[in-house]
Every structure is written in C-alpha cells, then in structure tokens.
Amino acid sequence: MTMGRFLISDWSWGGAALPLSAAALAWYLAAFGPRRRLGYLAAALVVIFIALASPLNALADGYLFSAHMLQHLLLLLIAPALLLFSLPRSLSLALRPRCFGGPAVGWIAGVGAMWLWHVPALCDAAAASRPIHGLQTVSLLGLGVLFWRQILAPREAERLPPPGAVLYLFAACVACSVLGIILTFSPVTVCSAYALPPVDRLGLLPALRAGWGLTPERDQQVGGLLMWVPMCLVYLGAITAQIARWFAEPACPAPGETP
Amino acid sequence: MNELAATLARARAVTPLQREHWAMSWLATVDHKRIGILYLLTSLVFFVVGGVEAMLIRVQLAVPDSHFLGPDTYNMVFTMHGTTMIFLVAMPALFGLANYVVPLQIGASDMAFPRLNAFSFWLVPCGGLLLHFSFLAGGAPAIGWFAYAPLNEMPYSSSPGVDYWALALLVLGIGSVGTSINLIATVLTQRTAAMTLRRLPLFAWMILVNSFLVILALPVLNAALVMLLIDRRLDAHFFLPPGGSPILWQHIFWAFGHPEVYIVAIPAFGILSEVIPVFARKPIFGYEFVAGSTVAIAFLSVLVWAHHMFTVGLGHTVELFFVASTMLIAIPTGVKVLAWCATMVGGRIRLDTPMLFCIAALVQFLLAGLTGVSLASAALDWQTKNSYYLVAHFHFVFVGLIVFAILGALHYWFPKMSGRMLSERLGKWTFWLMAIGFNLTFVIQHFLGLAGMPRRVYTYADLPGWGWMNLVSTVGAFVMAAAALVFVWNLLASLRDGEPAGDNPWQAWTLEWATPSPPPVENFRALPPIRSRRPLWDIAHPDRPDPVVGTKGAPDIVAPEKNATGVAAFIVSESAFFAVLVLAYLYYQATPQPGPSAHDLNLPKTGGFSLCLFASSFTLWRAEAGERRGRRRAMAGWLALTILLGGVFLVGQGMEYGTLLHGGVRVGSNLFATTFFTLTGFHGLHVCAGLVALLVVLGLALAGDFARRPSPALRAVGLYWHFVDAVWLVVFATVYLLPHLR
C-alpha cells in the first residue's frame, strides 16, 4: 500500500473510544449544560480520536515506536490538559484522603507513567496484548489528569502557586528528558515488538524503511527525541503560562501594609 | 601592607579598630560584603593571569609559521587560558557581585549560611592554586578547556597536569554549588518581609534562577571529572576503547557546558537589567517579560547541548531536533534585547561609564546571538565549527557580553563597595580602549574563520589574508590589555583619593542604595517601606509613586525554613550527580561485556541489607515524629536505631565488595566493574556522610540541645538521609533488579 492511500484510508472507529467519547459528551452536557468550555472537551475528544483511531494508531500498532511515542504524548500530555480546561471553574477536584492530592503524587503519576510503560517487559506486553493496551490507554489518560490537576485544576485554590508550579514542571521535564536520552542513545531496543514486526499486515514496511528511512534504530531514536524535545516544549509552554499567571495577579497589598 | 591598610582605612573600608588586625579580619571574614570583594579580587588576579596567557596566544598567532611558543607550550597556554577565564574569572566575578549585591537588594543582613559562604569562596583560590601548580608538576594540561576524550586519558596525556586540572575543577565546582545553594536559600528565606518575590530587583531574580541552573549543571561536570580521574588513576576506561566511549565524555561535558554558557550569561543579563534603567531614567520596560524569559532561557539551556556536537556524527535525526530547539533560545533572549532597547527609547540617557559598558554589551551580545543562530543550523555549523568563526562567536559572548557587563557592574557598584567614585575620565578611557580593542580583535576573526582558518592550532601557513587579519587581531588584544591596565590604575587611584560617593550617587532605586557607602556590617540601620519594585523612587517622588506590586493575601511563598531549603537545594545537586552515574551505568550495561557482570552479584543478600537501609528511613521518620511531640528519649532511641541500620547496610556493602575483590574483580576489570564500583562507592560515601551527620545530631540531642529550643537540624539531616535511601532504591533497581527483568 502506498503511504498516501494508507493515510487516507486507514481510519478505524477507535474501538471502545467512540462510544466512551459519546458517553463523556453526553455526561458533560447533562452535568454542566452547553457552555463555551465545551470546545475544550471537543478538542480533547478529537485528540483522543486522533491518537486511537487515525493511521497513527495503525502505525503505533507494531510498526513504529515513534508513532507509539506520539500516541503517548497525546494521551498523557495533551488530552488530559484539554479535559481539565473543559471543566467549569467552580468544580472541585479535591481528592480524599488529602495525601493523595499532593504535588508529589501528581508528579510521580505523570513522570511514572512514562517510565513505567517503557520498562521493556511492560512495553512489549502492551504491544502484544489488547487488554493490556487498553489498560495502558486508560492509565495514561488518568495519570495525565492527576499530573495536570496540580497546574490546571478548575479551582484556583487547588492549583500549585506559580513558583512551585514552575519547579514542578521543570523537574518533570528533566525526569522525562532523562528517559528520552536513554531511548535516544541506548543501543538496545526498548520495545522489541517494534524491532521485528511479525507480519506486515498493511504492506507498509517498504515505505517506512526505505521511503522514510526509519530503520528500527532510527525509529527508536525519533521516539526518544520526541520525548526529550517536543515534550519538554509542552512543559515550557506551561511554565510560560504559569509565569504569566503569576505576574498577572491583581495588585493588592501584602498583609500588614497600608496601600 | 600597612600602606594598603591605611588606604583602606581612609576609604572607610575598615574601621580604625579593625585596622589593627585588618589582614586577619579579611582572611577570617564571614561577612557577605567582604567575601564578595574577596571573590572580585581573586577574579581580578586570575584575569591578569588569563590575560597574560591570552597575550602569549596572540603573539604566537600574530604572524604565520611562528615559533615563539612551540606546539606543546601553546597547547598548555591555550588550555590554561580557557579554563582560567571561565572557572577562575567569569564565575568568581559573578559570584562576587551576587554575594555583595543580592543580600543588600533584598534587605537581608547577610547570606543564609555565612560560613558556607566563606568556605565556598576559599575553594576558589585553592582550585586556582591546584590548577597552576601543574606548571611545576610536570607541565600544565594541554587538552583544551573541553578536555575531549581520549586525549585527556593516560595513554595520550601522561603528565599529571590533567589530574591537577580535573581536581581543580572539582574543587571549583563544589565551591560553585555551595555558593549557589547559599544564594537560593538567601533569596528564598532571608528577604525582608515586604520584599516579595515579585518585587525582586531583576539582578536578584536572575541570580536566583541562575543558581538553580548551577546546582543542576555543575554536578554533571563533577561526575565527568570523577569518572575521568577513575580512568586515569584506577586504570578504568570510561572514555577509552575498548568498550568505553569518547563520545560519552562529550555528551556529559556539553550537558554541563551548554548550561555553563548561560550560567555566566544570565547574571550579565541581570546587570544589564539593573544598569540600563537607572541610566535611562526609566523603569525597565516589561519587567515581567524580562523576568519570565530568564526562566525560559534557563529551561531551554539544559535541553539543547547536542548542538555542540553536530560535527560528531550523531545522525541526521538527532541533529534536526536540536537545530529546532536551539533556535528557540533566540526567542527569550530576543525578548530581553527588545525590553532593554525599549527601556532606552524615550529615556533621558546619561552616558556614564557603567552605561557605556552596558550598551556595548547589548550591541555585542546581539551580534553574538546572530552568529549563534547561524551556528545552530547544522549545515552551516559543519562548515564553521572548527574555524575561527566559532572562536569569534563565543568570545563575543564571553567578552563582548559578560566581561563588558562585569566591567559595567564594577563601575556601577564600586562606589557602594568603597565609598569612593571611580574616576569618570579614566573610566571613559577604559571603555573606549576596551571597546575598540575588543572589536578589533574579534570582529575580524569571523572573517578569518570564513576564510578557513582552523581553530585550536598553534600556527598556520601563510595563506592569502590570514597573516594580516591575525596581526590586526593581535594588535586589538594589546589594546584590550591597555584597557585592563587603565582599569586597575583607576581602581587603585580612586580608592586612594576618589570623590566620596554618598549613599546613592547614581540616583538608583533599589535597596542597596538606601544604606551608607560602604554599608555597615549589619547592612541596614532601617529599611525604607517597600511597596513596588523601586522603593527609593517612591521615597523620592511621593507624589507619583510606582504602582504597588502586591500579592494576593499571603506573600508569594511563606519564607521556608533556611536549613531545609539549603538541604533541598543540595539534594537537587546530588541528584544531578547520581543521575549521570546511573545513566553511564545503563549506557555501558546495554552491551554485554566479557568478564564480571551483574549476575555475579548476590541479589538475596544485598536485598536483605537494602531492607535495613529502607527500614532506617522509617525509623528516622519515627525519630522526627518523636522530636515534634517533644519525646526526647524516644527520638534518641529511634535515631540510634537509624544509625545502627545504616551501619549494618555499610557492613553488607563491605561484604559484597570483599567477595568481588576476593574473586579478582577490580575497578578496572571491565566496564561493569568500573560503573558498579563508581556508583555504589559514591552511594556508600554518601551513606557515611549521612551517618556522620546523624551522629552529630544524636550527640546534640543527648547533650540536651533540642530541649532548650526547637532545632531544624534533625529535619534538615533527615531530608538528606531519606534522599540517600531513595538513591539506593534507584541504584538497587538498576544494578540488581534490572538485569533479571530482561
């Protein structure tokens, strides 16, 4: 199959993602009614749909480690952030007991999701088994929400103060960069499922290997670099937003001062 | 000596009482102002040394086929020039300024840890002596400041010069981390109550951001140096074939080296952000953007080191990503340049010497940035990287921006430090000689590079154009040397009989100008009210004060406890150090080595001893709970148990080492043994340090020290101990468990 035809034709219905998306949309409308923030929800669902139903998913399914990494980034970083944006400002996301809501938990959720699913054994398991792959998708979304909740919780009071948020994001970037560095420069294949595709179901391999020049080694390099550089740029964007939020807070005097 | 004392006394730098034993009072000082001045003096001394080395280099290169120095001497002088200028001139000068100015700007009476401050400073002369002692011990290092492998290894550089170089940089690196931890703790915990983080003067803000960069980047270099020393002294081969990777040295070195550029540039940005508004008589344009872009620069700088390695052959894919991300740095720096320019637009600019230096720094930095963007493009980089084009580029950064900014800062803050004005006439001479000399030296080197002259060579053939261009460059260098002489003369003459400065000679607006010049030991007798970013403007113009910069309800950050803050910053730096060692371990374990391997380790036994270490975190937590509840006996008991468990773990490690050594495994046996001993050895060292600290706390507790007043010591030491345990968790997982997962 040629690459062009593949990109046009190989859209699926996304399996369980489509009914679940519809359910989420219905629940949102029932709970909050139609409002402008619905756009964010729609965007989140589009991102999830792109990750799970577009040719990207077909490529991530046994062909390209880098496509799999892009899927990860969309599910862990982009979709959860958009989901949190879509919630009305008055909604509380406080977790009980309170120790689950701390920044350490959120940070470990976000960074841990990346590290855990790239342990060679788990990465292969997710590539080989449907249920584990589903679990991976759901866990990425869930852990992503836990991570971003510290920064983007609908209620201002439940967010980290901006200086703390900057350190939180910076540390997350460094931790993910380290994994990205390992993936980029490691001579071993992290996910052996991508090194030797068992069957070329779609007849894409010649186009990928020869046309795009993506040998398994280079494929893993691109995957590592995606995590190292663009992922950190997402964090950098968030850091910039935090600083803007910090300096934009209205002027009112510190305690013990007469204005 | 006595004459100098008398001069200083006349300059009111020492009180009559101190004059009696003034030398001792400087050697033993823990006052941040004196330590700041000592830093600056040290930096000046090494500036002269590094400058003489630069002159030697330029004389050698003045004409083609010159044999003035000879290849070996040239390489030594060239290495020492780079190392000296970066580690012994730029960094101490910026730390000195930060030390002197930051506590004053935030209304503090001293740094958070004055004795750590003195310790960090004294490491600089020690490091400098170590480095220069190599001249007497068989020859200075001749490896370039970047010390690429395998040239830095025993078979290729067998003189001990490289060992002195590595030790000196280790000492200096530890000092830099110490100072930066101190600066972080100072800005976060020692601010006067009304000086919220959003009211910080930009210099203090940038020093804060920069200090985070230092504690992340310098430990990376320290790890590389440690690995190099293990290679050289214990016959390992981290960076030497077979198995070892010279490229890894480049990765680690530039993972430090690229942030290092910004570590010296960000304080210079801070200086520009202080001086330009004062002499343009306008508040800084876009404070928020200047402050915020600093964070973005710091962030990007830790990300993009691989652009130093385009010519290594990393592959097209890797290069593409780094071309894009490197070019991004132009955005936040461009924001800064625009903000400085906009500050000057419409201002009533006073062209005093500090402002002249800062304007020149701005212009020259713009050119450095433009050539920098051109080097970020991999295709162009291949053509120009190993030519004088690159030499010109980074000298525009290091001299054009940083040295000019430092000179501007010295002219700006000298009146505060000494109570005397520098001579404006000599200052203008310094500036014009410096500006002309600098541009004469380095503008032409861009063209020399484009004409194909390679860098790092001791001489060159008489090719068309090369001779006269090099000669012009050498003449320029001598003009710069003249500028330096005029500057030193200005310092001495003005210290003796400069005009008295008064509190605020420049009509500046930040707090350091609200106290006498030089400030009293306690810095401030009384602080003015602070409601905006320019407290002294508000006092001078009560009818039109700056808008109040406020905080919602509580101040930005409730000032954290300083010991815990200091230890937390220390933990960050230690994490960076261990991260490099762990990554090196993973890198080398990826390909199986002949000889001992992870399967020779005794997993169950070490697992048992590891449980002891993890349990000690629990017992320590109980001890902390005991202290909070005032149960001193329970606390002492849990603490003793913690120490015991830590000791048991060390015994277990000793047994593991014993078995391995008995089986003939040495540090140099193969890369598994090297990385294993390095990683676990450094962890063991940290366990020992933690045990000593815990023993001190236990001693204090038994002596009843905690009964009299609540002590932050246990919490601070406890944080460190938990960190040591967490590191072991990572080490245990990578070294012992990971091989069984594959």
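Helices H5(A) and H8(A) cross in a right-handed way. A crossing is right-handed if the near helix is turned clockwise from the far one by less than a right angle, and left-handed if anticlockwise. This is a predicted model, where local features need pLDDT of at least 70, side-chain atom pairs count only at pLDDT 80 or more, and totals for chains, interfaces and linings use all residues. Residues are numbered from 1 along each chain as its sequence is written, and chains are lettered from A and ligands numbered from 1 in the order in which they are written.

The axes of H5(A) and H8(A) come within 8 Å and cross at roughly 50°. That makes H5(A) oblique to H8(A). Leu76(A) and Pro80(A) are among the H5(A) residues in this contact. On the H8(A) side, Gly144(A) and Trp148(A) are among them. The contact residues divide into 15 nonpolar, three polar and one charged.

Chain A also meets chain B: 33 residues of chain B are in contact with 33 residues of chain A (C-beta atoms, placed from the backbone, within 7 Å). The side of chain B that touches chain A has 19 nonpolar, eight polar and six charged residues. Its largest share, five residues, comes from H10(B).

| Helix | Residues |
|---|---|
| H10(B) | residues 287-301 |
| H11(B) | residues 316-328 |
| H19(B) | residues 562-589 |

H9(A) is mostly covered, with 17 of its 24 residues buried (20 or more other C-beta atoms within 10 Å of a residue's own). At 1.5 Å a residue, H9(A) should span 34 Å, and its end C-alpha atoms are 34 Å apart, which agrees.

Key: Axes fitted to C-alpha atoms, helices over the stretch in contact; angles between N-to-C directions. Helix = DSSP H or I, 4+ residues; strand = E, 2+ residues; numbered from the N terminus. Parallel < 35°, antiparallel > 145°, perpendicular 65-115°, else oblique. Contact = placed C-beta atoms within 7 Å. Nonpolar A, V, L, I, M, F, W, Y, C, P; charged D, E, K, R; others polar. Expected span 1.5 Å × (residues − 1). Buried ≥ 20, exposed ≤ 12 C-beta atoms within 10 Å, placed from the backbone.
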